[in-house]
There are 2 protein chains.
Amino acid sequence: MSYDDEEMVVTPWEVRGKVDYDRLIEKFGTERITDKLKEKIYEAAGERHILLERDLVYSHRDLDWLLKEHKKGNKFILYTGRGPSGHTHIGHLVPWRFTKWLQERFDTRLYFQMTDDEKFLFNPELELEDVYQYTYENTLDLLALGFEPEDTYIIDDIKHIDLLYKIAVRVAKKVTFSTARAVYGFDNSMNIGGIWYPAMQAVPAFLHSEIVGEKTPCLIPCAIDQDPYWRVTRDVAEGLGYYKPASIQNKFVPGLGEGGKMSASDPMSAVFTTDTPKMAKKKVMNAFTGGRATAKEQRELGANPYICPVFKYYKFLFMPDDEDLSDIEKRCTGGDLLCGECKQILAPMMMEFLEKHQAAREEVKDRVHEFSAARLRDEMKR
Amino acid sequence: MSYDDEEMVVTPWEVRGKVDYDRLIEKFGTERITDKLKEKIYEAAGERHILLERDLVYSHRDLDWLLKEHKKGNKFILYTGRGPSGHTHIGHLVPWRFTKWLQERFDTRLYFQMTDDEKFLFNPELELEDVYQYTYENTLDLLALGFEPEDTYIIDDIKHIDLLYKIAVRVAKKVTFSTARAVYGFDNSMNIGGIWYPAMQAVPAFLHSEIVGEKTPCLIPCAIDQDPYWRVTRDVAEGLGYYKPASIQNKFVPGLGEGGKMSASDPMSAVFTTDTPKMAKKKVMNAFTGGRATAKEQRELGANPYICPVFKYYKFLFMPDDEDLSDIEKRCTGGDLLCGECKQILAPMMMEFLEKHQAAREEVKDRVHEFSAARLRDEMKR
């Protein structure tokens, strides 16, 4: 079966087959971010953003409402997270950078959940020590992007369970196994911790409301595959006295192989933040592209940048300037730029990015504790 | 349908119909406490106990093994608990007193779990505030029995979740929904917190092993209806590096109505520790008995103490002396003692017991914190 024929499967735990993002909007029942809505975001944010411009961030729930509340002076908080089941790859950083932009432009607090319990419960091969280690490593990657502790709270589910459990049982009481089965596709072989877990993922959307003692709007930037979690979170929110969280959803940043999400389980399909620059270069040079079978054919007919991961890396990470991007696009489709040459442009960009990122990772190593959600214990008591 | 015809249902959440304790041993797969085993317990404990003598404590798992380990110098810990869904009734105190005897005779540590999360999750009508309040009230009743803080740790699930969650997710990962459904009778309408909860009830059996860093035998004194929880706990124990917990199980102390467990949902069926002595007397005087339809008939044929809750209160609580009990039994079966007269004997005993218990409850009010499992946080860190 070829990649294109494979049936699309998109759940919070599995992405398989060719992802049809339009169909996901229908399937999940989210809304497309229209040009009109983009303008509203830019107006509120005070500037444009290429991930919106270039439609990597493309879907939402209740964003209109959230912006209206913001305009009225009703501040929202941001909530996103990471499942620490492996090293961070470059693809993860793209939406995190977008989250940072939102945080800065809207001057909001960010709750970032490290779902160590989830990854332990859903992965037979992972021990607690493994997910703790990945939590630490992933945290370094997040912080290397330049977040500041004042408004950034990293929640490690197991370590900070005392802040979460009371809200989680209130959520859990409102979600039946029937619902969980329908929404997440659980079957009878699922372990009882995995069945419980969706309650935990709902909590950070409500945590701030508990802390300040009044309901606070919440915006969740996330990849589209996580939407089922928020659907259930939204269903229970009002019954618990909270606002339904809004969300703003991105497509996956592609892997270096043919199609699909960057996969932590196939090391060559992704550049990890812990790869040496040399290894990253090797991965780039081995990447799948939209090129033709022969150089001669490509010179004559041009290549296809729209299915090419190399081009997507320019688009979503390395070429914020529209003219630069347009130039590459034209040379590619026109047959002037062969894939090997094109990769030779990307490789040093990737290497330089990695070097800087890794230096930043080193620098934040002794500051991790400053971002801990443990600080919320004092706020909770007040 | 009469009470006798009603089908027996015994689960951790529901006891209905006439309880056949022999059948429960078969159904749950536990073992009867034989006379030979009783002698071994007495030998190790250094004295006899009326609840064993009189077969209220009648069933077990692995008690032989536990006593052998004890003899070898391998100390065990005790674990029991309470679901704080209502006020304590006199029936609850009976097994707690037995637990205290075990603690004293075997010089062991007791972990006592207040399952506030369970009661919140399983009872649609209970809010968190309700289960917190009952936790406090029930704790007073426990402590009024004279436990000492040195070896007694009261775990409130929600308050002390930081001590429990890590072990709970390790348990939960090993229990599928299929198993939970088969053992606990969960269906698809069960909420995902209720499905998760059995993992939480397993934790205190393993907590001490985590604290001291080596596996420690555990004995669970409990009512027979809780056995399904320990069956699953036992199934996962060895895979997690712990001993299977042993258990010693009691029958229910009967209510004052016809048959069945004392029920917190029918206030007249039980004497609560918070009842006034006057109210308690009223309840005793209204109790169901094993008496005949008329006084005349009873004088001629005698009454049946073996189905009589009044007689059971003598047997399990108020008449530790065998001669006293035997005297009542003979006068009852011989027709010399009418039920009204007999209740007039029980009523002042109950009132006096309550008065003393309520005074003891008052005295422990400012000592509750001394028993908190919060103290374990320091032990955990070491």
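Trainee: How many residues does the contact take from chain A and from chain B?
Mentor: In this predicted model, helix H6 (116-122), helix H8 (161-172), helix H9 (177-184) and helix H10 (192-202) of chain A each supply at least two residues of the side of chain A that touches chain B. By class, that side has 17 nonpolar, six polar and six charged residues. The contact takes 29 residues from chain A and 29 residues from chain B.

Trainee: Through which surface do the copies meet?
Mentor: Of the interface residues of chain A, 100% are also interface residues in chain B. The copies therefore meet through the same surface.

Trainee: What kind of axis relates the two copies?
Mentor: Two copies of a chain are related by a rotation about an axis and a shift along it. Here a rotation of 180° superposes chain A on chain B with an RMSD of 0.0 Å, and the shift along the axis is 0.0 Å. The two copies are thus related as by a two-fold rotation axis.

Trainee: Which residues of chain A are in contact with Ser189(B), leaving aside its neighbours within four places in sequence?
Mentor: Ser189(B) belongs to the loop between helix H9 (177-184) and helix H10 (192-202) of chain B. Within 10 Å it has 10 other C-beta atoms, and a residue with 12 or fewer is exposed, so Ser189(B) is exposed. Once its neighbours within four places in sequence are left aside, Ser189(B) is in contact with Thr176(A) and Ser178(A).

Trainee: What ipTM and pTM does the predictor give the complex?
Mentor: For chain A, the average pLDDT is 93, and 93% of the residues score at least 70. For the complex, the predictor gives an ipTM of 0.93 and a pTM of 0.93.

Trainee: Why is chain A described as being as compact as a globular protein of its length?
Mentor: The secondary structure of chain A comes to 18 helices and nine strands. For 382 residues the globule rule gives 21 Å, and chain A is as compact as a globular protein of that length because its radius of gyration is close to that value, at 21 Å.

Trainee: What percentage of the residues in chain A is buried?
Mentor: Along the principal axes, the C-alpha atoms of chain A fill a box of roughly 70 × 45 × 45 Å. Among the contacts in chain A with a separation of 6 or more, 76% are accounted for by residues 24 or more positions apart. Of the 382 residues in chain A, buried residues make up 48%.

Trainee: Which element gives the most to the side of domain 1 of chain A that touches domain 2 of chain A?
Mentor: Chain A is divided into domain 1 (9-256) and domain 2 (267-363), and 29 Å separate the centres of these domains. In the contact, 17 residues of domain 1 of chain A meet 18 residues of domain 2 of chain A. Helix H3 (50-53), helix H5 (90-106) and helix H7 (128-143) of chain A are the elements that give two or more residues to the domain 1 side. The element that gives the most, with three residues, is H5(A).

Trainee: What distance separates the C-alpha atoms of Met380(A) and Leu163(A)?
Mentor: Met380(A) is found in helix H18 (residues 376-381) of chain A, and with 13 C-beta neighbours inside 10 Å it counts as partly exposed. Leaving aside its neighbours within four places in sequence, Met380(A) is in contact with Leu163(A) and Ile211(A). Met380(A) and Leu163(A) are 217 residues apart along the chain, and their C-alpha atoms are separated by 8.2 Å.

Trainee: Is Asp62(A) buried or exposed?
Mentor: Asp62(A) lies in the loop between strand S4 (57-61) and helix H4 (63-71) of chain A. Its phi is near 60°, a positive value in a residue other than glycine. Asp62(A) has 21 C-beta neighbours inside 10 Å, and 20 or more are required for burial, so it counts as buried.

Key: Residues are numbered from 1 along each chain as its sequence is written. Chains are lettered from A and ligands numbered from 1 in the order in which they are written. This is a predicted model: local features need pLDDT of at least 70, side-chain atom pairs count only at pLDDT 80 or more; totals for chains, interfaces and linings use all residues. Copies are superposed by least squares on the C-alpha atoms of residues with pLDDT of at least 70 in both. Two residues are in contact if their C-beta atoms, placed from the backbone, lie within 7 Å. Domain bounds come from an automatic or database domain assignment. Helices (H or I, at least four residues) and strands (E, at least two) are DSSP runs, numbered from the N terminus. pLDDT is the predictor's confidence in each residue, from 0 to 100. Ala, Val, Leu, Ile, Met, Phe, Trp, Tyr, Cys and Pro count as nonpolar, Asp, Glu, Lys and Arg as charged, and the others, Gly among them, as polar. The radius of gyration is taken over C-alpha atoms; the globule rule is 2.2 Å times the number of residues to the power 0.38.
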